[in-house]
Amino acid sequence: FVRAALLLCMILTLAVPVSATETEQVRNVCGEDMTWEYADGVLTITGSGAMDDFAEEAPWTSHKKEIKRVVLSGSISYIGARAFSNFDALETVNFGSSLYEIGTEAFKSCDGLTVIYLPASFKVFGESSFASCSNLTSIHCSGGFPKFLLNCLWDTYGTIYYPADRLWGVKYIEQMETAFKGRIE
């Protein structure tokens, strides 16, 4: 009797249909309150809070060669580790207005990036976050002086711009010049 009951439970479990919408929602989650959607070269990530960190590949990696633009919509504060590592087709990122931190190796070796604009809320470049972005020449920071963690801009040669109404102190500029040894202006 017990075997028959277990067998019946297994059959019923397999027979319960899962809608495409439920499957899609599970697959498109990338944070506690965050989802993603891909269409026509644009990856849109919507929600709030922190994106998950990724040990190896982000869930949208199957579109890696087609993603040219990333749009953060809502109040996303953190981009997960390795979220876009080696996405060479990626040309632009709209970071939204709530971004606080970019995780470890999040945009490492994204050769398609040439210019980035970070919002006033931005405070932390994670370790190797933009390392080896060979064509990244302009980094626009709208807020105060951010933290530059280990190798965040390693092998990236560019100019960092900040607003005249939010001047970075001389000691911070000197720290940058020392840390980046002429690779950053």
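Guide: Buried means under 20% relative accessible area, exposed means over 50%, and partly exposed lies in between, using a 1.4 Å probe and protein chains only. The model is predicted: local features need pLDDT of at least 70, side-chain atom pairs count only at pLDDT 80 or more, and totals for chains, interfaces and linings use all residues. Residues are numbered from 1 along each chain as its sequence is written, and side-chain values use heavy atoms, leaving out hydrogens and water.

Visitor: How many aromatic pairs are found in the whole structure?
Guide: Rings of Phe, Tyr and Trp (its six-membered ring) pair if their centres lie within 6.5 Å; planes under 30 degrees apart are stacked, over 60 edge-to-face, and the rest tilted. A search of the whole structure by this rule gives a count of 11.

Visitor: Are the rings of phenylalanine 84 and phenylalanine 107 stacked or edge-to-face?
Guide: Their centres are 5.1 Å apart. Their planes meet at 15°, so the pair is stacked.

Visitor: How many residues apart are phenylalanine 84 and phenylalanine 107?
Guide: Strands (E, at least two residues) are DSSP runs, numbered from the N terminus. Phenylalanine 84 is in the loop between strand 3 (69-79) and strand 4 (92-94), and phenylalanine 107 in the loop between strand 5 (101-102) and strand 6 (115-118). The pair links distant parts of the chain, and the separation in residues is 23.

Visitor: Is phenylalanine 107 buried or exposed?
Guide: Its relative accessibility is 0%. Phenylalanine 107 therefore counts as buried.

Visitor: What is the angle between the planes of phenylalanine 125 and phenylalanine 130?
Guide: These two form an aromatic pair that is edge-to-face, 6.1 Å centre to centre. Phenylalanine 125 is buried at 0% relative accessibility, and phenylalanine 130 is buried with a relative accessible area of 0%. The angle between their planes is 70°.

Visitor: Which strands stand at the edges of the open sheet?
Guide: The sheet has 3 strands in the order 6-8-10, with parallel pairing; two strands pair if DSSP finds at least two bridges between them. Each edge strand has a single partner strand, so one side of each is left without a neighbour in the sheet. The edge strands are strand 6 and strand 10 (159-161).

Visitor: Which residue in strand 10 is the bridge partner of isoleucine 139?
Guide: Strand 8 (residues 138-141) and strand 10 pair in the parallel sense over 3 bridges. The bridge partner of isoleucine 139 in strand 10 is isoleucine 160.

Visitor: Is serine 128 buried or exposed?
Guide: Serine 128 is found in the loop between strand 7 (124-125) and strand 8. At 15% relative accessibility, serine 128 counts as buried.

Key:
Helices (H or I, at least four residues) and strands (E, at least two) are DSSP runs, numbered from the N terminus.
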